[in-house]
Amino acid sequence: MWIRRGSDAPSTVSLTRQFVVTGGAVMFVAMIAAGLFVSEHATRTTIENTASATALLMDSFISPLAQPLAAEAVLPDSRRGELDRLLGGDLFRQRFPHLEIWKEGGVVAYSTTPELIGRQFAPPDGLTTALKGDISAQYANLDAREHTVRGWNTKYLEIYVPIREHHSGRVIAVAEIHENPLGLDRELRWLRLKSWVAVACATALIMLGLFGIVYRGNRLILSQQRQLRARLIDIEQSSRHNQVLKERAERASGRVAELTENYLRRIGAELHDGPAQLIGLAALAVEHVRRARTPDSREEELQALESVLSDALREIRTTSKGLMLPDIERLPLQEVVKRVVSHHELRTGTGVAVDCDDVSRPLAHALKICAYRFLQEGLNNAFRHAGGHGQAVSCRLNGDALTLAVEDEGRGPGNGPAAPEPGLGLVGLRDRVESLGGVFRLTRRAGGGTRIEMSVTITGDRHDPGEGHND
């Protein structure tokens, strides 16, 4: 399993930059489109409102004077003079410098420019709309014929107002009012500026909100990726560790099987060379008893037979004692340690220092057997190789990790050679500990002395179905 352990910073910058570039471009295009739409709509609405207000004002005094146009092509002189007088004020002319009244077909029925009266021009778009009864407004087309003859270079706002006959309501003419655009242009510029600022602020707020959401989501994703990578690393390490433990357990199991076979062979050899030979000798002694001729010789032969059988029985008991374990399945670990230590002290006449934690958790029977054999072999080695000098046993429980240790201080004054019992040896101890998934350590100090230690993780199982009561 390969796990990429790169830096997370480039990914963060990359994802954020992708959102900023892509989202920024989309939001900018959306802002331009929204700004153009809002600005155009606001401009058109303002112009229409202005046209409506102007139309209402102009219609109030133009319509009564233009009623003769229901039957005539141009406005009579009397009405024309009165209209000139109404439109001649300085303030009025400053805002509305020009006025034409059109008849259908593009005939000018009245104009503030007298030379245009009675002339016919191409009907402008606003005239066509107003003849249908609707008010319209647009900026002046300076290329139109009626404007070029007067040499105009100012784009006035042209407002077309239908003039209706009083008694019938039909449209008899259209008034074209030219309004000075300076004030309206200032208002439209300010309105467009406010529209664009509003759209830009709304876009910026939306962008910031989306950026915050994406940024938080991105950080959450990166955090989960880091946790996932860490979890994968842990799984990989656990897998490797489990593989190592599996291989170690397989090797240990194989060595335990080999050791057990060798142990059985040695027991068989000891039984063959010891009790079996003595029993064979006893069988020969039976024949001697049978051939004895006198009671004294028979008694002598019987005593010899009894001695041989006693020796055979003693050797069988000695061998069995080395094979059997005491009943330790229901004992806590402290009692198991105490039993091994007391038996060793009684057998060797030496002292052992014990420092053992209170291990109240239930232990598997296989682990207790392993602990018993570990302490037994360790103390035997301490007496055999160090004369029992500085013998010490310790047991510690840290969480689920149980640690047992046996140590000595090296060669010291002993009480004579040990009476060795059948043992497994350090190699057998290592294999036994590793077969339970534990770790065996052997340390030799420079100043003398040896320490052996086993560490095993305690599981929740109390009993091991594969183990019996004896080893």
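# Close-up views of a predicted model

**View 1. Salt bridge between R396 and D355.** R396 forms a salt bridge (a side-chain nitrogen of Lys or Arg within 4 Å of a carboxyl oxygen of Asp or Glu) with D355, and their closest N and O atoms are 2.3 Å apart. The pair links distant parts of the chain, with R396 in strand 7 (residues 392-398) and D355 in strand 6 (residues 353-356), 41 residues apart. Helices (H or I, at least four residues) and strands (E, at least two) are DSSP runs, numbered from the N terminus. R396 is partly exposed at 34% relative accessibility, and D355 is partly exposed at 40%. Buried means under 20% relative accessible area, exposed over 50%, and partly exposed in between, with a 1.4 Å probe and protein chains only.

The model is predicted: local features need pLDDT of at least 70, side-chain atom pairs count only at pLDDT 80 or more, and totals for chains, interfaces and linings use all residues. Residues are numbered from 1 along each chain as its sequence is written, and side-chain values use heavy atoms, leaving out hydrogens and water.

**View 2. Salt bridge between E453 and R441.** The closest N and O atoms of E453 and R441 are 3.0 Å apart in this salt bridge. The pair links distant parts of the chain: E453 is in strand 10 (residues 450-457) and R441 in strand 9 (residues 439-444), 12 residues apart. E453 counts as buried at 17% relative accessibility, whereas R441 is partly exposed at 38%. A network of salt bridges links E407, R441, R445, R451 and E453.

**View 3. Salt bridge between E335 and K338.** In this salt bridge the closest N and O atoms of E335 and K338 are 3.7 Å apart. Both residues lie in helix 8 (residues 333-348), 3 residues apart, about one turn of the helix. E335 is partly exposed, with a relative accessible area of 32%, and K338 is exposed, with 51%.

**View 4. E434 in helix 10.** E434 belongs to helix 10 (residues 425-435). E434 is buried, with a relative accessible area of 10%. Leaving aside residues up to four places away in sequence, E434 touches R248, A249, A252 and R255, where contact means heavy atoms within 4.5 Å.

**View 5. The protein chain as a whole.** The secondary structure of the protein chain comprises 10 helices and 10 strands. Of its 471 residues, 36% count as buried. Among contacts in the protein chain with a separation of 6 or more, 68% are between residues 24 or more positions apart.
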